[in-house]
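Here are my notebook entries from an afternoon of looking things up. The structure comes first, then what I checked.

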Amino acid sequence: MTAARSLLLDLYELTMAECYFRYRRRAFATFELFVRRMPSCRSYLVACGLQEALAYVKALRFEKGDIGYLRGLKLFSEEFLAYLSGFSFKGDIWAMKEGTVCFANEPLLRVTAPLIQAQILESFLLNAINLQTMIASKASRVVTAASGRQVFDFSLRRTHGSDAAIKAGRASYIAGFSGTSNVLSGKSYGVPVAGTMAHSFVMSFENEAQSFRAYCETFPGKSILLVDTYTTKKGIRNAVAAGLTLKKKGHALAGIRLDSGDVVALSRFARGALDEAGLPYVKIFASGNLDEYKIQKILSRNAPVDSFGVGTNMGVSADAPFMDVIYKICEVTGPQGGFLPTMKLSKGKATYPGRKQVFRMKDGKGKFLKDVLALEDEKIKGEPLLVKVIERGKAVYEPPPLSGVRAYAKDNLSRFPRVLLELRSRYAYPVLVSAGLKKLKASLARQLKT
């Protein structure tokens, strides 16, 4: 854990922690992280980012350099800095498994710990869960639009920083993408890597045909040729010639890539030229500012496109570039030591009190019917979605391999009504509030107002 990572938190986490240290040092609290309201263009979310959150919590320490920097701010007492020097998380964390489809007001993660510790985790947890859930949710829609065709993450050069780019490769793969162009994301997480060539490669040779020959000779079994640098139809003919040369040598051209123009018309032209030349196995790959809406439109016209590269619009979740994700206290220990529920009453931002669980109801075939947001100890039929991942500071949950998370996300999504997945869906999956939680909220609101 580097100094920069340890101090990746908002200053007020530490100023509040100093006050807790002085006045509420022995207090415990429960905080819940959830999305307050869904983006208008989303009918569901895909929970993501838990692995990074757990790694952060387990490794969080304030090193000598961190303490020195904080001392230089001249805000904190030496007693509090000494406490931070020995900091390690000792609480419990419950969370939804990565790949779980979720909705507004459902806790994605719940922390019960000493008040100081739970507060210090806030900013990093929000950052990690928000980004990856946002990207996975967008990527899931792109996968749905592609209707079984492969989709690859091309977002590295357009994401908001290097860390976001690496996480986008992972989150999109969990959501169903087939791979990423980001090599570091591949190395870090085991995401399959894939790539073609750039226009600069074609332009660096004397002519397009020469560039194709050079690439095919270098990668005879894995060449995907970019055909729109100059005149696309001529580029397709040059690719056909390169494919025939490879075929004579016992190799196969993997594909061609269309990155501009009328993808529908050009893909039809390309498919005809390839098939006529005896190259029916060559795939057609499309890219160029694509998103789920454009992909759906392309395929609705029966374009013979086999796979897509999606970059900017997925990597920054262009139509929903942020989520209203929050981390709110819902109970805190009182003078006698027991937990007391608490809630926020602000207009438009009121929260539900108490430690909660999400229960998911199924029919006899395993299809999901509705969710119930309830107090943890209520007797509600259904599968509890929050599972314990850290107990007293120790990991008690072993995250599955990335392939397992990906398979779980796919299965989870398949159990919802198909109408939920429509790009412009108006279907609202039922998320009910239990009678016990409603009663607690009403009674506590009356108490707090008086």
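How many bridges join strand 10 to strand 11, and do they run parallel or antiparallel? I looked it up in this predicted model: strand 10 (residues 283-286) and strand 11 (residues 307-310) run parallel and are joined by 2 bridges. I noted one residue pair too, with A286 having F308 in strand 11 as its bridge partner.

I found an open sheet of 6 strands, paired in parallel, in the order 7-6-11-10-9-8. Strand 7 (179-180) and strand 8 (224-226) each have a single partner strand, so one side of each has no neighbour in the sheet. I also saw helix 12 (residues 232-248) lying across strand 8 and strand 9 (255-258), at about 170° to strand 9.

Then I turned to the cores. F308 came up again: with V111 and I120, F308 touches the most other members of the largest nonpolar core, which has 102 residues. Helix 7 (residues 122-146) gives the most to this core, 13 residues. Another core, of 23 residues, lies apart from it and includes F212, C216, L253 and A273. For I120, I listed contacts beyond four places in sequence, among them L9, Y56, F62, L84 and F87.

My last entry is Q117, in helix 6 (residues 115-120). Is Q117 buried or exposed? Q117 counts as buried because its relative accessibility is 7%, under the 20% cut-off. Its side chain reaches the backbone oxygen of S88 at 3.5 Å. Beyond four places in sequence, Q117 is in contact with Y83, F87, S88, F89, K90 and G91.

Terms used
Residues numbered from 1 in each chain as written. Predicted model: local features only at pLDDT ≥ 70, side-chain atom pairs only at ≥ 80, totals over all residues. Heavy atoms only, no water. Helix = DSSP H or I, 4+ residues; strand = E, 2+ residues; numbered from the N terminus. Buried < 20%, exposed > 50% of the residue type's maximum accessible area, 1.4 Å probe, protein only. Polar contact = N/O pair within 3.5 Å; in protein donor to acceptor, adjacent residues only side chain to side chain. Contact = heavy atoms within 4.5 Å. Pairing = 2+ DSSP bridges. Axes fitted to C-alpha atoms, helices over the stretch in contact; angles between N-to-C directions. Core = buried A, V, L, I, M, F, W, Y, C linked by side-chain atoms within 4.5 Å.
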